[in-house]
Amino acid sequence: MPIRILATAAQLFSRTVLNTKMKCIDDVYVFLIDNLKIVKMKRMWMWVFAFVSLASLNFACEDQASGPDGNINDPNAAKGSLKMSITDAPIDQASVKAVFVTISEIRVDGETFEGFQGPQTINVLDLQNGTSLDLGSQDVAVGSYSDITLVLDSQTSTNGGASGCYIEMEDGTTKDLELEGNGTIELNLQSKDFEIREAENTELIFDFDLRKSIKTKANGYAFVNKGDLQSAIRVENKLACGNISGKVDNMLNAGSNLVVYAYEKGEFDAATETNGNAEVMYKHAVTSAKVDANGNYTLAFLPEGEYEIVCAKPEQKEGTGAWFNTLLELESALDLNSVQVDAGASVEVDFSVKLDGVLNL
């Protein structure tokens, strides 16, 4: 009798492994348990067998989910298209004209993304308000991936600059942008798992938030530490994102150099985010956008969800070189604390700045 039960359980296990409709281990678990009840498996050693079988299948499911060999460049795998682009959120300092960053390599789950031809020196400050730059595309192995590595190089420039990472000021002078380490740094970005499907297109976009990425020093500028720099670069699936765009209705009276910030609903803490002693203010904003001379702004590539909108005015203290952000009080016909963003859609959010509405924190 035990041998017959064992054979039946093994047969069920084999059928389960071959059943391509079962995509996750939860389905397999239910299938096995329900069927093992039918054959009245009561002995403890038989449950051990079922557990070992289930664990083996779990590994099989994981291997299947991560692609045939876990390698985007597997020549024998079915293929889908992967494209990568880069965009930027602004820097507070109005005296900064351009920020050049050299990317030498992009990796996916440890394998080189061959669609990117590096090194490339890019003025990321040009890529604001929904503007993006194509970094390349290629056919990659079908599967699920999660780890994105961006390699920056401060020693190599492809545009004739003396450094791979540097800042150009409005007066035409340049300042090196110091990078932690020996001139190159590998940034392991916080990416959500993404799926490459056969014969389908996937586009990932890097949001390089300069305001979070750069700090001022006595004699110039430097990138923040590696951990903070990794957190300052978002990776999003473009098709899963939407935008918030709008206008500051009284821009002429409100003055220039306004910045709009988007926070996940309930995440904005004025006391913490406007702390003048912090290296980076508004650190937990998902993204930000500079308001143009006509009062227009776009908060681009936001994952689907609810957001709250905040506006501030970065200013430099005269004679000190130090910068501070004045948080402004806003008026709108919409609830600025609950703005819904849907994938593939753009929501319009107009507001006015209260002219006496400086929030003293």
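Colleague: Which residues have the most contacts inside the largest nonpolar core?

Modeller: In soluble globular proteins, nonpolar side chains tend to be buried together. A nonpolar core is a set of buried Ala, Val, Leu, Ile, Met, Phe, Trp, Tyr and Cys residues joined through side-chain atoms within 4.5 Å. Buried means under 20% relative accessible area, exposed over 50%, and partly exposed in between, with a 1.4 Å probe and protein chains only. Here the largest such core has 47 residues, and Met84, Val99, Leu152 and Phe206 have the most contacts inside it. Strand E2 gives the largest share of this core, six residues. Strands (E, at least two residues) and helices (H or I, at least four) are DSSP runs numbered from the N terminus. Apart from this core lies another, of 24 residues, including Val248 and Tyr307.

This is a predicted model, in which local features need pLDDT of at least 70 and side-chain atom pairs count only at pLDDT 80 or more, while totals for chains, interfaces and linings use all residues. Residues are numbered from 1 along each chain as its sequence is written, and side-chain values use heavy atoms, with hydrogens and water left out.

Colleague: What does Phe206 touch?

Modeller: Contact means heavy atoms within 4.5 Å. Not counting residues up to four places away in sequence, Phe206 touches, among others, Met84, Ile106, Leu150 and Arg234.

Colleague: How many aromatic pairs are found in the whole structure?

Modeller: Rings of Phe, Tyr and Trp (its six-membered ring) pair if their centres lie within 6.5 Å; planes under 30 degrees apart count as stacked, over 60 as edge-to-face and the rest as tilted. The search finds five aromatic pairs. One of them, Phe100 with Tyr166, is stacked, at 4.7 Å centre to centre and 20° between the planes. Phe100 belongs to strand E2 (residues 96–108) and Tyr166 to strand E8 (residues 166–169), so the pair ties together parts 66 residues apart in sequence. Both Phe100 and Tyr166 are buried. Tyr145 and Phe194 form a tilted pair, with 6.0 Å between centres and 35° between the planes. Tyr145 is buried at 1% relative accessibility, and Phe194 is buried at 4%.

Colleague: How many salt bridges does the structure hold?

Modeller: Side chains of opposite charge can pair when their charged atoms come close. A salt bridge is a side-chain nitrogen of Lys or Arg within 4 Å of a carboxyl oxygen of Asp or Glu. The structure holds twelve. In one of them, Glu178 meets Lys217, with the closest N and O atoms 2.8 Å apart. Glu178 lies in strand E9 and Lys217 in strand E13, 39 residues apart. Glu178 is partly exposed at 42% relative accessibility, as is Lys217 at 40%. Asp207 and Arg234 form a salt bridge at 2.7 Å, N to O, and both residues are buried.

Colleague: In what order do the three strands of the open sheet lie?

Modeller: Strands of a sheet pair through backbone hydrogen bonds, either parallel or antiparallel. Two strands pair if DSSP finds at least two bridges between them. The order here is E19-E16-E23, with mixed pairing. E19 (296–303) and E23 (346–348) are the edge strands, each pairing on one side only. Strand E16 (residues 241–247) and E23 run parallel and are joined by three bridges. Ile244 has Val347 in E23 as its bridge partner.
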